[in-house]
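Open your viewer and get ready to click around. We'll take this one stop at a time, selecting residues as we go.

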Amino acid sequence: MVDILNLALPYFGLIFVGFACGKVKSLPESGLAWMNFFLLYVSLPALLFAIMSKTPFSELNNPPFLVATTLSTVAAFTLALVVGKVLGGLTLREATLAGLSGGYGNIGYMGPGLALAVLGPKASAPTALIFCCDSIFLFTIVPLLIELSDRDHPSIVHAFGVVLKQIVLNPLIMSACFGAAFASLHIEMPVALDRTITFLQNAAAPTALFVLGVTVALRPFDRVPWEVPGVIAIKLLIHPLAAFGLMLALGPFAQPWAATAVLMASLPPALNVFVIARQNDAWIESASVAVLLGTFASVVTLTSVMWAIQTGRLAFP
């Protein structure tokens, strides 16, 4: 258990350091703009590109694994959306964001670093594939539902146009696709460029976790909406259980791949949930509370999953 805590606590420790700094130092939230830009457009794309480009393309070609992990995310998203509608009485736009909170984990900020720390280099390929498939699904269905709920743009053609644009312009998805292309073509990176990418990818996790802590600290916390506990329970409990069941049902998969799927499904709601809520001017306070409470609750749930993986209690045939 000490080994597990030594793996988990630095990640949560950086979040709490950022949280403490955000509470103690009264700096404007606008100061995070360049850090967020660095993460979204530079450091995290470098990390995903490096993971994909250095993974043999044959390992990336695993359709049953892609189907299983994506189905678990679809199930979590759908269930959280229904919970938002039933418990919270939310509109379709708001319930869509509740669904995003229940299905979209912190796979960019926490996922790659944590998976590699727990499972080693063999987790790189499944981590990148999960990120790509989850992101493509969620950044397709969420804008589509939001656009369809917008009375100013009722056209389905317009909605699909918005979705396509968001996917093509998403730097994380595109960097992973370019990495896969490099892997398939066996392109060798020049040494200087490879080292630059290494510098950038090494900065991704600590910067992302610190920013996550600061951003959560700056959010108001007045009340807990009715639907939020249900959404958090879906993300931290139902989603990993769904991933576990689908790994067994659609497998067999190698232990590192199946364990990575469960670990990634166990991550707390992503900070991007709040960002997207704010962009769409809907479910903002609830998204903030979901990210905050989900992150704190995952100290127990995520650490437990890591412990089960490391001790062999979470094993796949």
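How many aromatic pairs does the ring rule give? Rings of Phe, Tyr and Trp (its six-membered ring) pair if their centres lie within 6.5 Å; planes under 30 degrees apart are stacked, over 60 edge-to-face, and the rest tilted. By this rule, the count is nine.

Before you click, a word on what you're looking at: this is a predicted model, where local features need pLDDT of at least 70, side-chain atom pairs count only at pLDDT 80 or more, and totals for chains, interfaces and linings use all residues. Residues are numbered from 1 along each chain as its sequence is written, and side-chain values use heavy atoms, with hydrogens and water left out.

**Stop 1: ring pairs**

Select Trp34 and Phe37. This aromatic pair is edge-to-face, with 5.5 Å centre to centre and 75° between the planes. Both sit in helix α2 (residues 33-53), three residues apart, which puts about one helical turn between them. Helices here are DSSP runs (H or I, at least four residues; strands are E, at least two), numbered from the N terminus. An α-helix has 3.6 residues a turn, so residues three or four places apart point the same way.

Trp34 counts as exposed, at 69% relative accessibility, while Phe37 is partly exposed at 39%. The cut-offs: buried is under 20% relative accessible area, exposed is over 50%, and partly exposed is in between (1.4 Å probe, protein chains only).

Next, pick Phe244 and Phe316. Their ring centres are 5.3 Å apart and the planes are at 50°, so this pair is tilted. It links distant parts of the chain, 72 residues apart: Phe244 is in helix α12 (residues 227-250) and Phe316 is in the segment after α15 (284-310). Phe244 is partly exposed at 27%, whereas Phe316 is buried at 11%.

**Stop 2: along α12**

Stay on α12 and find Ile234, where the helix bends by about 40°. That bend is the angle between axes fitted to the seven residues ending there and the seven starting there. Among the buried residues of α12 are Ile234, His239 and Leu246. The buried residues of this helix pack against α4 (63-88), α5 (92-103), α13 (255-265) and α15 (contact means heavy atoms within 4.5 Å).

**Stop 3: the enclosed spaces**

On a 1 Å grid over the protein atoms alone, a cavity is a set of points where a 1.4 Å probe fits but cannot get out; a pocket is an open set with protein on both sides within 12 Å along at least five of seven lines, and lining residues have an atom within 4 Å of a point.

His239 takes you to the largest cavity, where it is one of the lining residues nearest the centre, along with Thr73, Ile130, Asp134 and Ala265. The space there is about 90 Å³.

Now select Phe16, Phe19 and Phe296, which ring pairs link into a cluster.

**Stop 4: the largest pocket**

Finish with Leu40, Asn272, Val275, Ile276 and Gln279, the closest to the centre of the largest pocket among its 40 lining residues. Which helix gives the most to this lining? The answer is α14, with seven residues.

How values were computed. Points joined across faces, edges and corners; volume = space filled by probe spheres on them.
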